[in-house]
Amino acid sequence: MNVWQKNRPFFLFLIKFGLSYFVLSVIYSLYLNQYNGDAFETDSMTKLVAEQARDIVNFMGDKSFIKPNDKEASYVFYVNNDSVARIVEGCNAVSVMILFVAFIIAFSTTFKRTSLYILAGILIIHVLNVIRIGLLGLGFYYYPEYEELMHDILFPLFIYGVVFSLWVLWVMKLSKNGKTSKA
């Protein structure tokens, strides 16, 4: 038995993951390239996330607004009239969604089941990311001394923890890979 036959599931996983990650990343890159103008225009997904994070803060009782940054492609995030953060393209969680989707495709089952799980996962990631950014804005306003801890450790741990949990749920419970037959 050769190496390919012996490790076929592993190699299929790598091929499916690598190919889907590459294709989705290229599509996202092409999407972002349309915003590479001189006017520091921010992509529409980042704008949506900034607007929704603003709405979360306003809903929680603090005054929040956003303004396009005139020095770079980002939004300045204000809480109670204080500038607390920049919301840049990396804040929109699309790269996290691409990683999530590539993994789910690598362990895909039926088209319907896989597609529905991908859509549900993207929605969960998006909603939690918007809440994350809103809470970061509030945290930066009320606890500026913990800005680095919140931004660099706690909130990434949270968002990647959720993605990891979604992967585990998919592999162990919802995809055919987690099903074991009784002998």
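This is a predicted model: local features need pLDDT of at least 70, side-chain atom pairs count only at pLDDT 80 or more; totals for chains, interfaces and linings use all residues.
Residues are numbered from 1 along each chain as its sequence is written. Local features need pLDDT of at least 70 and side-chain atom pairs count only at pLDDT 80 or more, while totals for chains, interfaces and linings use all residues, and side-chain values use heavy atoms, without hydrogens or water.

**View 1. The largest nonpolar core has 23 residues.** A nonpolar core is a set of buried Ala, Val, Leu, Ile, Met, Phe, Trp, Tyr and Cys residues joined through side-chain atoms within 4.5 Å. Buried means under 20% relative accessible area, exposed over 50%, and partly exposed in between (1.4 Å probe, protein chains only). Look for F100, F103, I104 and I125, which have the most contacts inside this core. Helices α2 (8-33), α4 (94-106), α5 (111-142) and α6 (147-174) each supply at least two of its residues, and α4 gives the most, with nine. Helices (H or I, at least four residues) and strands (E, at least two) are DSSP runs, numbered from the N terminus.

**View 2. Here is I125 with its partners.** Beyond its neighbours within four places in sequence, I125 is in contact (heavy atoms within 4.5 Å) with A93, V96, M97, F100, I159, V163 and L166.

**View 3. Rings of F13, F17, Y21, F103, F107 and W167 are linked into a cluster.** Rings of Phe, Tyr and Trp (its six-membered ring) pair if their centres lie within 6.5 Å; planes under 30 degrees apart count as stacked, over 60 as edge-to-face and the rest as tilted. The whole structure has 14 aromatic pairs. In one of them, the ring centres of F103 and F107 are 5.2 Å apart with planes at 55 degrees, so this pair is tilted. Both F103 and F107 are buried.

**View 4. E72 and R86 form a salt bridge.** A salt bridge is a side-chain nitrogen of Lys or Arg within 4 Å of a carboxyl oxygen of Asp or Glu. The closest N and O atoms of E72 and R86 are 2.4 Å apart. This pair links distant parts of the chain: E72 is in the loop between β1 and β2, and R86 is in strand β3 (residues 82-87), 14 residues apart. R86 is partly exposed, at 48% relative accessible area.

**View 5. N69 sits in the loop between β1 (64-68) and β2 (75-79).** With 12% relative accessibility, N69 counts as buried. Not counting residues up to four places away in sequence, N69 touches F40, S74, Y75, V76 and R86.
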